[in-house]
Number of protein chains: 2
Amino acid sequence: MVQCMTARLDASFAALSDATRRGVLEQLGRADSSISDLAGKFRMTLTGMKKHIGVLEEAGLVATEKVGRVRLCRLGPRRLAEETAWLEAYRRHWAARFDALDSVIEDLQQKEKAHGRKRQK
Amino acid sequence: MVQCMTARLDASFAALSDATRRGVLEQLGRADSSISDLAGKFRMTLTGMKKHIGVLEEAGLVATEKVGRVRLCRLGPRRLAEETAWLEAYRRHWAARFDALDSVIEDLQQKEKAHGRKRQK
DNA sequence: CTTACACTGAACCATATGGTTCAGTGTATG
DNA sequence: CATACACTGAACCATATGGTTCAGTGTAAG
């Protein structure tokens, strides 16, 4: 789990690219859970869930601890600070890029909102 | 490219999980580029780069337009608003979760700092 | 017209991913 | 002790990913 920033971004974005894993993170935000808890909640085998937990743990997003025969999963040490920073930087860059092109940004915002206002171009 | 939110999150986080693609987005933030431009800059074949562009386009992060024999690539309509929102919600949840467990958060922050120091480049 | 150039598509390859089953191992518990 | 239960690991499977080469197609330029 010792990795440079680009590898960390790779790992955490990849971890977040699966709906099940995002769901697991949300669940663990509510309560620590065992692997079978999660497997049940997301309707998949224990083994399958363990793999997801492995991915999340590798990315530092989940931490686990074996307690008796149960493996307890909780949110891990990483707070996705770098990932948030990357996204924010991107959004700033995006805005800057299109501020230079008034008509284009206007057009795109209209399209995105899909608010039925007629285009003027 | 019409997809529900969870599929969009899947697609965009997956698109961002590759360093080359993140690089392409940064590059396109600076200047629109042709596929061969990008292929050259990232030292890979035209075909390889076209696949990356395909992924980014599918995720709505890049838009392209054929101009003569060149395909012009620029930043796409999506501003990663939902992705940012997801991350922010996670971070808020993370904080809330560990505010309830003083000693634990302290421990984890120390661990994270220690790791950060070791990982410094 | 000819040539070069940018792209496109198909085919291929190695590896990764997301899931399964099955056969253990270790720990509670009656 | 016996049994059930939680996990673990290996093996397998289908599909996806990240890259390549090669053989086109279409357009620009000489």
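Colleague: What makes Glu82(B) partly exposed?

Modeller: Glu82(B) has a relative accessible area of 25%. Buried means under 20% relative accessible area, exposed over 50%, and partly exposed in between, with a 1.4 Å probe and protein chains only. Because 25% falls in between, Glu82(B) is called partly exposed. Before we go on, please note that this is a predicted model, in which local features need pLDDT of at least 70, side-chain atom pairs count only at pLDDT 80 or more, and totals for chains, interfaces and linings use all residues. Residues are numbered from 1 along each chain as its sequence is written, chains are lettered from A and ligands numbered from 1 in the order in which they are written, and side-chain values use heavy atoms, with hydrogens and water left out.

Colleague: Why does Arg78(B) count as buried?

Modeller: Its relative accessibility is 10%, which means that Arg78(B) is under the 20% limit and counts as buried. The side chains of Arg78(B) and Glu82(B) also meet in a salt bridge, at 2.8 Å from N to O.

Colleague: What makes that pair of Arg78(B) and Glu82(B) a salt bridge?

Modeller: A salt bridge is a side-chain nitrogen of Lys or Arg within 4 Å of a carboxyl oxygen of Asp or Glu. The 2.8 Å between Arg78(B) and Glu82(B) meets that limit. Side chains of opposite charge can pair when their charged atoms come close. Over all chains, the structure holds 8 salt bridges.

Colleague: Which parts of chain B does the salt bridge between Glu82(B) and Arg8(B) tie together?

Modeller: The closest N and O atoms of Glu82(B) and Arg8(B) are 2.4 Å apart. Glu82(B) lies in helix 5 (residues 81–99) and Arg8(B) in helix 1 (residues 5–16) of chain B, so this pair links parts that are 74 residues apart in sequence. Helices here are DSSP runs (H or I, at least four residues), as are strands (E, at least two), numbered from the N terminus.

Colleague: And in chain A, why is Arg78(A) called buried?

Modeller: Arg78(A) has 7% relative accessibility, so it counts as buried. Its salt-bridge partner Glu82(A) is partly exposed at 25%.

Colleague: How do you know that the two chains are related by a two-fold axis?

Modeller: Chain B is superposed on chain A by a rotation of 180° with 0.0 Å of shift along its axis, at an RMSD of 0.0 Å. That is the relation of a two-fold axis. The superposition is by least squares on the C-alpha atoms of residues with pLDDT of at least 70 in both copies.

Colleague: Now the DNA. What makes a residue part of the surroundings of DNA strand C?

Modeller: A residue is near a strand if one of its heavy atoms lies within 4 Å of it. For DNA strand C there are 20 such residues, and Thr45(A), Lys51(A), His52(A), Gly68(A) and Ser36(B) are the closest. Helix 4 of chain A gives the largest share of this surface, 4 residues.
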